[in-house]
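Student: I've got a protein open on my screen and I'd like to learn how to read it. Could you walk me through it?

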Amino acid sequence: MRRKGVAVLAGALLITGAASSTKAAESEFHGQFRINYYSESQSEGADTAAARLRWRPTWDAKIDEDVKMHMQLNIGHIQGNQSNARYTPNPEDKTGDPAVAIRHALINFKVREVGGNVVAGLVPVSDKFGDTLFSSDWDFNPLALAYLGKIGDADIRLATAKLKEGDTTKYDDLDAHVLDVDVPVGAGSIGASGYRVVAAGVGKTDIIQNYVGVRASQDIGIAKVNGFILYNSGTNEATDKDNSGYAIKLEGIMPVGAAKVGVMFLTASGDKDGKDSFITPMSLIGHTGYWGYTGKLNVQGPTDTGIDAPVNIDGARYSDGSGGGLGMMTLQAKADFPITEKLSGYAAVGLFQHQDAPSGKEKNIGTDLYVQGKYNLGKNLNLEAGLDYAMLPKENDATGNNAKDNNVTLAFARLQLEY
């Protein structure tokens, strides 16, 4: 349950006989508390199981009508508490990550002279193309300066962001620049965007990726439909290779009885040589996003733990980066449906394949089946549990021998309180 109070910061300071005081600040402490559990069984590989805790305390302060502050901490994923949860294990390098970190930290203030708001700090930033390029849900929270405003009926977002500041004596930063324009049309909107990401290497060997795209959404009565067309071009100065490609999405969501059904088609160009490849910013920084319907080759909230191995729309696998530049074509369907007053269900299926593949490799990425139930235990307290079954193809190992197809079964549960 959210708690809202008024904290009055008052003081009397005698300066030449005059008293001064600060204005009252209205604050709200809220957040998200979750415990995840999963068990993974593979027909060709090791079986695993784990439980993790994550807590995201959040504090919002309203200084006055023009100035606000927002902060969110990320505590976890905590898998144990032998050392007072100071570190969580990192299987890759065995060192561990800090258990407590700042996820968001920003100020938001009105600029009355020009209209709109300026946001500055560690700002959650998602793209306007369904989180297919970058996602604040997956911690795309750069040090950013953003303007949010209107020109006529058009909503404008203009931002510049630093994702990484490396060695200050070297040229190795990672920056992003964002421009979005959206205009209401009928029962929906149309929009356009331009993005630029520069991953600077030592010695000014940049990786530069540029994106321009248009999108539209509309409620046509029987369904809500949306889609986009994106063009990407880039260069890697270290390897002297250029790339250019496109991505297209079409999605429709409609009621069917008491259920809500969605169908999505998405494709992004790719080839084994990388020339005609669409590349996402998330693949440059090892991120992914909540853009799909399933739980192994995509990711859902309850599977956002050690079992997540989703692919980005450019074919890159989040877990190890393999498949990047090979593109992707996917067709997915989902259904949300009530079962009882407190229990609801969700089911999804997705077919995934690369647009191109190296010699000896399959284009097929896999087929993913997902089902879960969500039970309301109390106000803002829910238990989600379900199964995911992913049919993954054989892949060549380092010796060139074909491995067997790998069928992966996931059982998962998440207890989550939002307060």
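Tutor: Let's start with a word you'll need: a residue is called buried when its relative accessible area is under 20%. Keep in mind that this is a predicted model. It has 419 residues, and 41% of them count as buried.

Student: What helices and strands are there in the protein?

Tutor: You'll find 21 strands and one helix.

Student: And how do I read which strands pair up?

Tutor: Look for bridges. Strand E12 (residues 188-199) and strand E13 (residues 207-219) run antiparallel, with 12 bridges joining them. E13 also runs antiparallel to strand E14 (residues 224-236), this time with 13 bridges.

Student: Which residue in E14 does valine 212 stand opposite?

Tutor: That's tyrosine 231. Valine 212, which is in E13, also stands opposite glycine 194. As for side chains, here's the general idea: in a regular strand they alternate between the two faces of the sheet.

Student: How many residues lie between E13 and E14 in their hairpin?

Tutor: Four, and glycine 221 in that turn has a positive phi of about 95°.

Student: Can we zoom in on one residue? Where is threonine 280?

Tutor: Threonine 280 sits in the loop that links strand E16 (259-268) to helix H1 (281-285).

Student: Is threonine 280 buried or exposed?

Tutor: Buried, because its relative accessibility is 0% and the cut-off for buried is under 20%. The side chain of threonine 280 makes a polar contact of 3.1 Å with that of serine 283. If you skip neighbours within four places in sequence, threonine 280 touches Thr132, Leu133, Tyr211, Asn312, Ile313 and Asp314. For the whole protein, take the contacts with a separation of 6 or more: 51% of them are between residues 24 or more positions apart.

Student: What about the outside? How do I read the surface?

Tutor: Ask which atoms make it up. The accessible surface is about 21600 Å², and carbon and sulfur atoms account for 58% of that. There's also a nonpolar patch with about 780 Å² of accessible area together, and its members include Leu250, Phe265, Met329 and Leu369. Elements giving two or more residues to this patch are E16, strand E17 (328-338), strand E18 (343-353) and strand E20 (381-392).

Definitions and conventions. Residues are numbered from 1 along each chain as its sequence is written. This is a predicted model: local features need pLDDT of at least 70, side-chain atom pairs count only at pLDDT 80 or more; totals for chains, interfaces and linings use all residues. Side-chain values use heavy atoms; hydrogens and water are left out. Buried means under 20% relative accessible area, exposed over 50%, partly exposed in between (1.4 Å probe, protein chains only). A polar contact is a pair of N or O atoms within 3.5 Å; within protein, one must be able to donate a hydrogen and the other to accept it, and residues adjacent in sequence count only if both atoms are side-chain atoms. Contact means heavy atoms within 4.5 Å. Accessible areas come from the Shrake-Rupley method with a 1.4 Å probe; for residues, only the protein chains shown count as cover. Two strands pair if DSSP finds at least two bridges between them. Patches are made of residues with over 30% relative accessible area and no salt bridge: like charges are joined within 9 Å, nonpolar side chains (Val, Leu, Ile, Met, Phe, Trp, Tyr) within 5 Å. A salt bridge is a side-chain nitrogen of Lys or Arg within 4 Å of a carboxyl oxygen of Asp or Glu.
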